[in-house]
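Colleague: I have not seen this one before. Please walk me through it, a bit at a time.

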Amino acid sequence: MIVVGSKFYGHDSAVYCIDTEHKTLFAVSTERVTRKKHDDAPVSVSMELLPEEEIGIIAHSFSAFDDSGPCGSVQVSTAIDVVLRKIDRDMACSASAPEEIAKHPLTAFAAELQKSTEEAKAAGTPIAYINQTAVEAVIRRLLGPKRVTPNTRIKFFDHHLCHAMSAYYSSPFFGRPCLIVTLDGQGDRFFSKAYIFRGDEHKEIGASPAILPHGGYWGDATSIGNIYAFFTQAAGFKPWSDEGKLEALAAFGTPIPHVLQEMRDACVIADNAIYISTSKIKPFHDPEFLAGLIEEHSRSDCAATVQAFLEDIVVDYLNSLSATDDVDCLCLAGGVAANIVMNLKIYERTRFKNIHITPYMGDEGTACGAALLAAKLYKQDVSWVPNHVMPYFGPSYSREEVKATLLSRAREVAFTDLGEAWPAVAAREVTNGRIVALFQGKMEFGPRALGNRSIFANPADPTIRERINVSIKRRPPWQPFCPSILESERERLFVASYPHKYMATAFRMKPEYAAALPSAVHIDGTARPQFVSPEDNPPYHRLLEEMRKLTGFGVVINTSFNLHGRAIVMTPDHAIDDFLDCNLDSLFIEGFRVTRV
Ligand SMILES: [Fe+2]
């Protein structure tokens, strides 16, 4: 059976497909297809990459369709919005061509949806049923009768349970009792839930409500994730996207004690939940108040304040959770789990030393959870899913396909075939100060490039960070780059650490090595590593072994292969486009070394 989990629309929409018969996985975020970061478009474009087989189940990672009060029929209006956005995409720019929009086949469908909704409301149909019917109609219409037959079941699952399932099934602790905590902006009216997973059983032990202080818009709900996003926005970055920049900036500041206290006083931890007082937290939703705070203090002090708030509240919450005494494994998921310094503090300040942070911790990961829940609901065996340790679930391209693409662009690029010898050549170039792009195998699922769509460089070179920033990434100069490191080097280089493969937590590097690897270490002495074992990614491991032979360290800087403002490359054409559009020195793509003509 083909089971497709989705975050069907909205921020970080994505699909995760389980073929239960062949025991294979495929997953991709919409942003990789459209190259628009965090794209919120419906997943129809990503679905085109799936095998052309009948889909047994499509699951969506939201379920709270019983909204009432200020949100009213939010899911229906969202469903219509999804249709309108699809029209926008199809038309390229709808605003300038209203008469063309009127002719689009989905325009009539959106009107039908609106009309049937109003009739159902007038007839007193429960809002939950109206909403679910509307979203299901949108899914069926957008995917079309060829992919979604009348036999295809459409299912909806709780957002946080989807996050939690993605954490448990990607963790090395699968089968053992685990505490799983989700943290995000909000999903299905909560910003955090805590569960105990024991084998096939799970129990929700806590739920932290997101509350709408002013009515209407869930992006404004009280939540730990949203408070961080509001600070991100006030500091001049893109909210729900650039939180990592604020987090990096925090290392340069000092928390403002009375502001930190005020924020902390707005939160109460009780009954295994975090409750946020809407009245006390209100100023921190106000852009003018936050702008004043930054003016009075500084961006970095404000960043340090909200970072300290996040760390303190999450650490206190984890330490407060009851009914977890026999559980020593912790899994984290949800967009807030992308905060790598918070994850370090959890390691240092709670009793949990067995920690797993989901590599697809953002909302793309809920597609994974939705697929797993749907498969289990229909008694499909998914016990093999945790064997897929590395999230290489995306599209891949054969050497023949790559060669054909390179030949088709012979006016722009030249290439030589190194075959399996490429890691040694690439390592030599990197050691000589070159910035090199790597494209191989299946694309990563989740926000990090883990050696298959990566740009890498020598961390021992103190100028390399600035060079990558200026010529390729245009990131703030203070934002660190993550290193990939041989797992066998982990204990030598770090003060304390655990095996971690996904660049989702920081560890403190021993000072003597921090000095030797300046471009891989942040100002606070931490690095955010991907520890690489041979079985994780054999060619990438070979590259790191070559680096160890040449430099004494099995370490490279690894940043995602994309130009500033674009999502990570997916296809060989994307790779060549980005290679040509910036100052990368060479590109290694499936064993071919590519240079400019
Ligand atoms: Fe979420």
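Modeller: First, a word on the labels: helices (H or I, at least four residues) and strands (E, at least two) are DSSP runs, numbered from the N terminus. This is a predicted model, where local features need pLDDT of at least 70 and side-chain atom pairs count only at pLDDT 80 or more, while totals for chains, interfaces and linings use all residues. Residues are numbered from 1 along each chain as its sequence is written, and side-chain values use heavy atoms, with hydrogens and water left out.

Colleague: OK. Where does Asp 271 lie?

Modeller: Asp 271 lies in the loop between strand S9 (267-270) and strand S10 (273-276). Its phi is positive, about 50°, although Asp 271 is not a glycine.

Colleague: Is Asp 271 buried or exposed?

Modeller: Buried means under 20% relative accessible area, exposed over 50%, and partly exposed in between, with a 1.4 Å probe and protein chains only. Asp 271 has a relative accessible area of 66%, so it is exposed.

Colleague: And Asp 12, where is that found?

Modeller: In the loop between strand S1 (2-7) and strand S2 (14-19). Asp 12 also has a positive phi without being a glycine, at about 60°. Asp 12 is buried, because its relative accessible area is 12%.

Colleague: Now the metal. Which residues are the protein donors of the iron ion?

Modeller: Donors are N, O and S atoms within 2.8 Å of the metal (3.2 Å for Na, K and Ca); water is not among the atoms, so sites may look incomplete. Here the protein donors are His 159 (NE2), His 163 (NE2), Asp 184 (OD) and Asp 363 (OD), at 2.1 to 2.3 Å from the iron ion. Along the chain the donors follow the spacing H-x3-H-x20-D-x178-D.

Colleague: Are His 163 and Asp 184 buried or exposed?

Modeller: His 163 counts as buried because its relative accessibility is 0%. Asp 184 counts as buried too, at 4%.

Colleague: What is the site of the iron ion like, in terms of angles?

Modeller: The site is irregular, with angles of 88 to 170° among its four donor atoms. For reference, four donors count as tetrahedral if all angles lie between 85 and 135 degrees; four count as square planar and six as octahedral if opposite donors are over 155 degrees apart and all others between 65 and 115; anything else is irregular.

Colleague: On to helix packing. At what angle do H5 and H6 pack?

Modeller: Helix H5 (residues 105-122) and H6 pack at about 165°, with axes 10 Å apart. Axes are lines fitted to C-alpha atoms, for helices over the stretch in contact, and angles run from 0 to 180 degrees between N-to-C directions. Angles under 35 degrees count as roughly parallel, over 145 as roughly antiparallel, 65 to 115 as roughly perpendicular and the rest as oblique. H5 and H6 are therefore roughly antiparallel to each other.

Colleague: And how do H13 and H14 cross?

Modeller: The axes of helix H13 (residues 299-320) and helix H14 (residues 340-349) come within 9 Å and cross at roughly 40°. H13 and H14 are therefore oblique to each other. Residues making the contact (heavy atoms within 4.5 Å) include Leu 310, Val 314 and Leu 318 of H13 and Val 341, Met 342 and Ile 346 of H14.

Colleague: Which residues of helix H22 are buried?

Modeller: In helix H22 (residues 572-580), they are Pro 572, His 574, Ala 575, Ile 576, Asp 578 and Phe 579. What covers them includes helix H1 (30-34), helix H16 (399-408) and strand S13 (413-417).

Colleague: What does Arg 35 touch?

Modeller: Not counting residues up to four places away in sequence, Arg 35 touches several residues, among them Asn 562, His 574 and Asp 578. Arg 35 sits in the loop between H1 and helix H2 (44-47). From C-alpha to C-alpha, Arg 35 and His 574 are 9.0 Å apart in space, and they are 539 residues apart in sequence. Arg 35 is buried, with a relative accessible area of 13%.

Colleague: Last one: where is Ile 523 found?

Modeller: In the loop between helix H20 (511-516) and strand S18 (526-527). Ile 523 counts as exposed, at 52% relative accessibility. Leaving aside neighbours within four places in sequence, Ile 523 is in contact with Ala 251 and Phe 252.
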